[in-house]
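Opening my notebook on a new structure. I'll jot down what I look up as I go.

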Amino acid sequence: MSQVPRVYGSERDDSESGPQAGRDYRELTGGPLDGQLIEVTGWTDEEITTGAHLITPHSVYGPGGRASYAPTFSRPGGPWVWEGDVP
């Protein structure tokens, strides 16, 4: 039995923590959010290619720190790769 990836921002015990039909996601690879999905439904192409700084309790800056994720130049459609932590 394979485990469904959890969507960033959902609670671990939430029965709806997995991806939902009709929504667009990018996989997060590396760093503190490795294996989670970020929902990008409704984001502009520029926002998607820029990536995001995502709040995580597991940042080197502690709870409230952010982890930077973005697509790589060679794979702009994803997954998003961890670039490091930011305050």
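Strands here are DSSP runs (E, at least two residues; helices are H or I, at least four), numbered from the N terminus.

Housekeeping: this is a predicted model, where local features need pLDDT of at least 70 and side-chain atom pairs count only at pLDDT 80 or more, while totals for chains, interfaces and linings use all residues. Residues are numbered from 1 along each chain as its sequence is written, and side-chain values use heavy atoms, with hydrogens and water left out.

Next I checked the strands around that pair. S3 (residues 52–56) and S4 (residues 65–72) run antiparallel, joined by five bridges. S4 is also joined to S5 (residues 75–86) by seven bridges, again antiparallel; there, Arg 66 has Val 86 as its partner. Two strands pair if DSSP finds at least two bridges between them.

Which residues does Leu 54 touch beyond its neighbours within four places in sequence? They include Tyr 8, Leu 28, Leu 33 and Ile 38 (contact means heavy atoms within 4.5 Å).

Last stop, Gln 36: I found this residue in the loop between S1 (25–29) and S2 (37–39). Gln 36 counts as buried because its relative accessibility is 10%, and buried means under 20% relative accessible area (exposed is over 50%, partly exposed in between; 1.4 Å probe, protein chains only).
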